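I opened the notebook again today, with the model on screen. Here is what I looked up, entry by entry.

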Amino acid sequence: MDALKITMPALGIDLGGTKIRAAAVLDNKILGEPRQIPTPNGPENIVRAILDLIISFQGQYILKGIGIATAGIINTETGEVIGATGNLPGWSGTPLKLVIEKSTLIPVHVENDANAAAFGEACARNLRDKQCVCVITLGTGIGGGLLIDGKLFRGAHWGAGEVGHSRISLGNKRLCTCGLFDCWEAYGSGRGMVATARDILQGLTPGQTPLVEMAPELTTRQIVQAAQKNDIVAQRALNVWHEHVAIGIVNLAHILDPDVFVLTGGLAECVDFELLHEMVVDRCMVRIGENMNIQKSELDGLAGIVGAAQLIMDAISERAK
Ligand SMILES: [Zn+2]
């Protein structure tokens with residue numbers, strides 16, 4: 001029986017606006033290749049797609065539990081989605097834990113995706129003995145997850161960690177996807193980087209930079225590539241974007257004074273950590289700045305999967321006590 005126990009992983013699932021990724025996880029390590037499918041439209045189709053993914057893994061593993069990381073505000077006690085984001089329309093009100101447990105008869109934990117990523121990072125980096133770990137997900141938007149004394153801090157109404165929607169400017173300059181103006185996300189996310197580049201490109205001609213002609217469909221990848229080819233406008237946009245990312249971290253540092261910030265998500269790849277560290281320290285009170293520790297995720301976008309899987313493993317051992 002012991003041998004069987006050792007090979008029972010949890011399945012971690014990361015449900016995003018465009019894709020659903022899943023992998024079997026044991027002791028914070030991904031087993032085999034993660035699988036990925038496009039996110040279908042509508043809650044019923046999403047639930048069906050998740051169930052199909054689970055079945056495909058059951059051919060290979062005896063699953064001990066299933067952890068699901070999803071966008072939205074999650075009541076982690078009931079496993080219900082209580083607040084949806086624009087990325088998953090109609091998702092609010094889905095009793096996800098209940099539905100998946102009923103179909104699979106396997107224990108399920110549902111967590112906000114940024115929280116799951118934070119937990120995954122903390123587990124994989126042995127940071128659970130730290131006082132405060134702040135994990136920022138830089139992608140199309142900005143997510144945040146907070147661990148205090150090794151435990152996720154979810155707030156009084158499950159909404160803590162929405163750091164991307166803290167305001168960093170006045171004047172209603174940029175509308176955020178949440179409906180508010182001048183959120184950190186409207187500047188420091190991928191969308192923000194593109195908006196900053198477009199602002200700088202105004203009034204320039206294609207002779208000055210090829211980015212002018214790309215402006216209507218500009219992507220972060222194009223900006224980063226142009227900067228690498230010494231395009232001055234792209235370099236300027238990237239520099240301002242670093243400043244925007246830095247400001248949000250400065251605000252969090254003064255509130256939390258964490259042991260460490262970990263940056264994850266697709267856009268963490270575009271961060272010049274030396275430059276960012278310098279910008280953050282420059283803008284912090286001395287006592288806060290001198291202990292600044294900003295690290296890059298090493299989980300390659302899989303932190304949410306690892307975290308979700310570890311959360312259900314923890315919940316199962318907690319219940320067994
Ligand atoms: Zn916002």
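**Entry 1, a helix and what follows.** I began just after α8, where N230 takes a positive phi of about 70°. I take helices (H or I, at least four residues) and strands (E, at least two) as DSSP runs, numbered from the N terminus. Before going on, I noted that this is a predicted model: local features need pLDDT of at least 70, side-chain atom pairs count only at pLDDT 80 or more, and totals for chains, interfaces and linings use all residues. Residues are numbered from 1 along each chain as its sequence is written.

Which residues of α8 are buried? In this helix, residues 220-228, I found T220, I223, A226 and A227. They share one side of α8, because they cover an arc of only 130° around the axis (the arc of the directions from the helix axis to the C-beta atoms). R221, Q225 and Q228 are exposed on the other side. My cut-offs: buried means 20 or more other C-beta atoms within 10 Å of a residue's own, exposed means 12 or fewer, and partly exposed is in between, with C-beta atoms placed from the backbone. The cover over the buried residues of α8 includes α6 (190-201), α7 (211-214) and α9 (232-256). Contact here means that two C-beta atoms, placed from the backbone, lie within 7 Å.

The contact takes 14 residues from domain 1 and 16 residues from domain 2. On the domain 1 side, β5 (73-75) and α4 (113-124) are the elements that give two or more residues.

Where does the largest nonpolar core lie? I counted 87 residues in this core, and I13 and A118 have the most contacts inside it. Such a core is a set of buried Ala, Val, Leu, Ile, Met, Phe, Trp, Tyr and Cys residues joined through C-beta atoms within 7 Å. Its largest share, 10 residues, comes from α9. Domain 1 and domain 2 both give residues to this core, so it lies between them. I also followed A118: not counting residues up to four places away in sequence, A118 touches V133, V135, G145, L146, L147, L152 and G307.

Conventions
Domains from an automatic or database assignment.
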